Amino acid sequence: MVSPAVLGLLLFVLAPFALSFLISFTDLSLGSPHPMHWVGTLQYERLFHDPALARALANNLRFALVVVPLQTALALALAVLLHRPGWRLAGLYRAIFFAPVVFPMSLVAVIWRYLYAPGLQGPANRLLSWLSLGHWQARDFLHDPEWALGALMALSVWQGVGLQMVILLGGLQQIPSDLYEAAALDGAGPLQRFRRVTLPMLRNTLIFTALMTSILAFRVFDQVQILTHGGPAGATSTLMFELVRSAFERLQMGRACALTVLFVLIVLLLTGLQRLALRQRAL
Amino acid sequence: MPAWLALLYVWPIGMLVAGSLQAGGLGNYLAVGQRVDFLRLLFNSLWISGWTVVLGALVNSLAGYALARLQFPGRAVLLGLVLICMVIPFEAVAAPLFYSVSRLGLRDTLGVQILPFVANGVSIYLFYTFYLEFPRELEEAACLEGAGPWQIYGRLVLPNSGPVLATHSVITLLSSWGAYLWPLLVTAGPQARPLPLALANFMTTPPLHWGQIFAFGVLMVVPVLLGFGFLQRYFQPGSLTSGIK
Amino acid sequence: MGLKLTFLPEGSYNSQVQAAALAGQLPDILEFDGPLLYRYVWQGCLRPLGRLLNDSARTNLLPSLERQGTFRGRLYSVGVFDSGLALYGRKSLLESVGARLPSRPEEAWTIAQFERILKDLARADEDGQVLDLKLNYQGEWLTYAFSPVLVSAGADLRHLDRPEAARALTLLQEWSEHGLIDPNLDDAAFVEGRVALSWVGHWEYPRYAERWGGDLCLIPLPNFGIGSRSGQGSWNWAITSRCGSPRRAAEFLNFLLEDAQVLEMTAGNGAVPGTLSAIAKSPLYQKGGPLRLFSQQLLEGWCAPRPATPAYPFVTSVFQQAVRDIVHGAPVKKVLQSAAQDIRQDELDNEDYR
């Protein structure tokens, strides 16, 4: 019964990863007629001293540090606001916030490239100018070193919050209502009920969604590839972008595979942290 | 407050729809139809996502069920393997996989965009945790009547897996429908290309015409939105949390 | 004829060829973008044309195409068409600021003249954005369009650390910083009349001519030092080394290079015909034709071919990144120096592509 799944995982996940691991110790260049050499840890040493990679990792980290809390908080707020049994509009709102989730990132990127158009004709600039009563200075969001990463974060949150919201709503529905009633009998106000009942009961779901989002933050690729190519001057470069560019544009398989191994190590580390966070409650 | 946020959320979608109708009106939609074989692309995307979801449901639920219920040698090792696969994202194996797929000459087919995504660590784990909490009594009754594990799975377990099947379908559908990197690597032409990649291509192939690009975008999400609208009555948010532990 | 032809698409075609080569699935005849030739030859994918190509076809080939198809002394590919860059201008706007209108490469504006004209145009323009560099295009465009600037300044893609390269690309950065360049997200800057000058290839002629008619003029790219230089090169055809019947494949190439085929193909895509005799017959590109500038640039060598190196995929990736960074304000010298280092390191890693 397990064999089809095991076969699939072996063939398409474990074997390629093992291959990556091996290639990361070589100088394999895609299509090169020269024989491949074992180069030991050279690729890793180079990555270690590569300022472009350091920049990319810092961007991933920034992305995670901003997007994970922001998106989780927003999703939680929406879930709590929309969790009103019997409210007719809840379904409509849920559909609205969920809609961007079904937009492929390539489409999200298309829409936001238009929204971020430079100059005051650009919709985002126009909106900000209107909100600030004309004090806003028009920017070229995607090409401004100070704004580009933030611009990518904004569209990622826009696209990602819906799924997180729906998962949290599911978690909310599973909280037995007598817990709230008991808390209300104890004289707890809405805020206290949120802190004493909702948050602890949602803890695992929250950790799960936060983990999911942080792994996504280290996988960011499509929007970078389509909108900024890692620019301006590395301001939006990410680990995945570096990896794909190495492998398929610059044909440096050895380097790309070393990046792959590094990437998996980071994801393992994040998952380990989640396990730790989950275990703490058991103590 | 939800109203304000919803407005902010709808704004980009409104821009998309309004943009698809400006400078050319409905003609933009016709132009898209003339410039690309939209039905072919839609078929590719539906075919790829559909089979990935269906085959994945079968393969992963079987594995999840076996891991949760059957005792067999190597079970613990397999469970560990699934956990490891859960945290290796596809992007991490894209480069070596591309290398091997190319060696085997399997590029530019629909199959090569389906098979690597069928067996999935996350899905197996979702099914596994769901079946751990599945009431044993029913199975035991069936067992007494002489049914083997395959019959129990087929007649009893799978038909009662609604919520976790929904979770699996939503997660798989979203990632499969939006796939960009892998199709970029393995498709050479429109015959096997899915929609998101075709859109990215459309957007960078002159003449660039925003109206047409947006019309392409609208055409691309309408089927999914309809699909989700249709499924909403079957798909409750609660089902998405099943298996999250 | 029993030959297998495969058309590889735009975009990720190099990965595609690499993949096909890995799989041993290369077709008999391959059509690909010119500057990738040197890598494919180095990889052993292509066979020299040698005597397979008719002498008449060879002598009739545009010199620029012969150069593009030659690596380490042997000819591997032929092109049915070539390409070119120019500034498309609005005569009325340029004349209103008193600009001289050069029509031949030897008369190209110097940088000082060009900048004077840009500034004068900007003063008369509503938003000051008067130049379109097609920054909405992606990928290879950046190398195709701006590596000629390096050559015109006295550097090239393999010598990015020369001061001439930094000087030339600094100019580009200044135009961008002074707000002279239209970002052109909608690809309509020139046809909507938002800019007076558009820096682009032959392929925009039909659209621009239809919009502006007699007001449209064709101007060579400015002279950054050693003379105006245009981009050149295009998709070309080669016989792969695993082709079982090279003679028949060559017959096909010889057939493609007949005037009738060349003219039909270029009537369709608007490109510069790839043979001397076809140019003489082309109403657009013959002497006195409205697009003569493009054919003249190719015939007289006012062009900057992309470098003949197997490292080309790497070089162009690095240079594209450098141009994007520089246009959006990164320190020019630093960017170019690190690009030059990356390119050198790649050569060392590949044993100098011997």
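**His229(A) is partly exposed, with 19 other C-beta atoms within 10 Å.** A residue is buried if 20 or more other C-beta atoms lie within 10 Å of its own, exposed if 12 or fewer, and partly exposed in between, with C-beta atoms placed from the backbone. This is a predicted model, in which local features need pLDDT of at least 70 and side-chain atom pairs count only at pLDDT 80 or more, while totals for chains, interfaces and linings use all residues. Residues are numbered from 1 along each chain as its sequence is written, and chains are lettered from A and ligands numbered from 1 in the order in which they are written. His229(A) sits in the loop that runs between helix H10 (222-228) and helix H11 (239-249) of chain A. Helices (H or I, at least four residues) and strands (E, at least two) are DSSP runs, numbered from the N terminus. The phi of His229(A) is near 50°, a positive value in a residue other than glycine. Most residues other than glycine have a negative phi.

**Lys134(C) is a loop residue with positive phi.** Its phi is near 55°. The loop lies between strand E8 (131-132) and helix H7 (140-153) of chain C. Is Lys134(C) buried or exposed? Lys134(C) is buried, because 20 other C-beta atoms lie within 10 Å.

**Strand E2 (residues 29-33) of chain C is largely enclosed by the rest of the structure.** Four of the five residues of E2(C) are buried. Which strand pairs with E2(C)? Its partner is strand E12 (residues 235-239) of chain C, in the antiparallel sense and over five bridges. Two strands pair if DSSP finds at least two bridges between them. Ile29(C) stands opposite Ile239(C) of E12(C). In a regular strand the side chains alternate between the two faces of the sheet.

**Chain C holds both helices and strands.** There are 15 helices and 13 strands. The C-alpha atoms fill a box of roughly 65 × 45 × 35 Å along the principal axes. Buried residues make up 53% of chain C.

**Helix H11 (residues 195-204) of chain B is mostly covered.** Eight of its ten residues are buried. Among them are Leu195(B), Leu199(B), Phe202(B) and Met203(B). An α-helix has 3.6 residues a turn, so residues three or four places apart point the same way. Chain B as a whole has 13 helices and zero strands. Its C-alpha trace spans about 70 × 55 × 30 Å along the principal axes. Of the 245 residues of chain B, 46% count as buried. Among contacts in chain B with a separation of 6 or more, 82% join residues 24 or more positions apart.

**Chain A meets chain B.** In this interface, 63 residues of chain A are in contact with 63 residues of chain B. Contact means that the C-beta atoms of two residues, placed from the backbone, lie within 7 Å. Helix H1 (residues 3-23) of chain A gives the largest share of the chain A side, 13 residues. By class, that side has 50 nonpolar, eleven polar and two charged residues. Ala, Val, Leu, Ile, Met, Phe, Trp, Tyr, Cys and Pro count as nonpolar, Asp, Glu, Lys and Arg as charged, and the others, Gly among them, as polar.
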